[in-house]
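Morning, everyone. Please look at the model on the screen, and I'll walk you through it.

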Amino acid sequence: MARGTEPARHELPEIDEAAFTAARTADKLLDAARRCGSQRWSEFLSPVPEQLRDASVAQLPRIIQRVRAAYGHKDSIREVLPEELTEPFLDQLDRLKKAVVRELAER
């Protein structure tokens with residue numbers, strides 16, 4: 001790999017799979033937000049599944065940080081959406097972040 005170039009996501013199966021897993025849960029969260037009529041969380045979550053599916057490794061930390069902000073101590077996604085989705089999603093984001101940090105540190 002040439003200096004300064006990034007491998008394609010599909011060449012990094014741990015990251016790719018973790019991102020796709022999180023994207024599938026984000027789809028479920030978005031559906032739940034729409035079903036319960038939460039316009040705020042519907043709008044917030046709307047771009048997330050595709051971002052997780054399509055982002056480069058270098059873009060993922062910013063996306064993860066933004067999405068994790070929904071778990072604040074005030075006005076949290078946890079207050080509106082089901083725990084059986086919010087908690088696994090948080091774990092998936094953390095797992096993805098660890099894989100990305102490892103990959104970026106190895107470069």
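Ground rules. This is a predicted model, where local features need pLDDT of at least 70, side-chain atom pairs count only at pLDDT 80 or more, and totals for chains, interfaces and linings use all residues. Residues are numbered from 1 along each chain as its sequence is written, and side-chain values use heavy atoms, with hydrogens and water left out.

Helices here are DSSP runs of H or I, at least four residues, numbered from the N terminus. The expected span is 1.5 Å times one less than the number of residues.

Start with H5, residues 83-106. Its 24 residues should span 34 Å, and the end C-alpha atoms are 35 Å apart, which agrees. Now H1, residues 13-35. The 23 residues of H1 should span 33 Å, and its end C-alpha atoms are 33 Å apart, so that agrees too. After H1 comes Gly37, with a positive phi near 80°.

Next, burial. Buried means under 20% relative accessible area, with a 1.4 Å probe and protein chains only; exposed is over 50%, and partly exposed is in between. The buried residues of H5 include Leu85, Phe89, Leu93 and Glu103. The buried set in H5 packs against H1, H3 (48-54) and H4 (60-68). In H1, the buried residues include Ile15, Asp16, Leu29 and Ala32. The buried residues of H1 pack against H2 (39-45), H3, H4 and H5.

Which residues does Ala32 touch, leaving aside its neighbours within four places in sequence? Leu81, Pro82 and Leu85. Contact means heavy atoms within 4.5 Å. Ala32 is in H1. It counts as buried because its relative accessibility is 6%. Ala32 and Leu81 are 49 residues apart in sequence, yet 6.7 Å apart in space, C-alpha to C-alpha.

Now the rings. A pair of aromatic rings is described by the distance of the centres and the angle of the planes. Rings of Phe, Tyr and Trp (its six-membered ring) pair if their centres lie within 6.5 Å; planes under 30 degrees apart are stacked, over 60 edge-to-face, the rest tilted. The count is 1 aromatic pair. Trp41 and Phe44 have ring centres 5.4 Å apart and planes at 80°, so the pair is edge-to-face. Both lie in H2, 3 residues apart, about one turn of the helix. Trp41 and Phe44 are both buried.

Last, charges over rings. The test is NZ of Lys or CZ of Arg within 6 Å of the ring centre and within 35 degrees of the ring normal. Arg40 lies over the face of Trp41, 4.5 Å from the ring centre. Arg9 lies over the face of Phe20, at 5.5 Å.

Key. Helix = DSSP H or I, 4+ residues; strand = E, 2+ residues; numbered from the N terminus.
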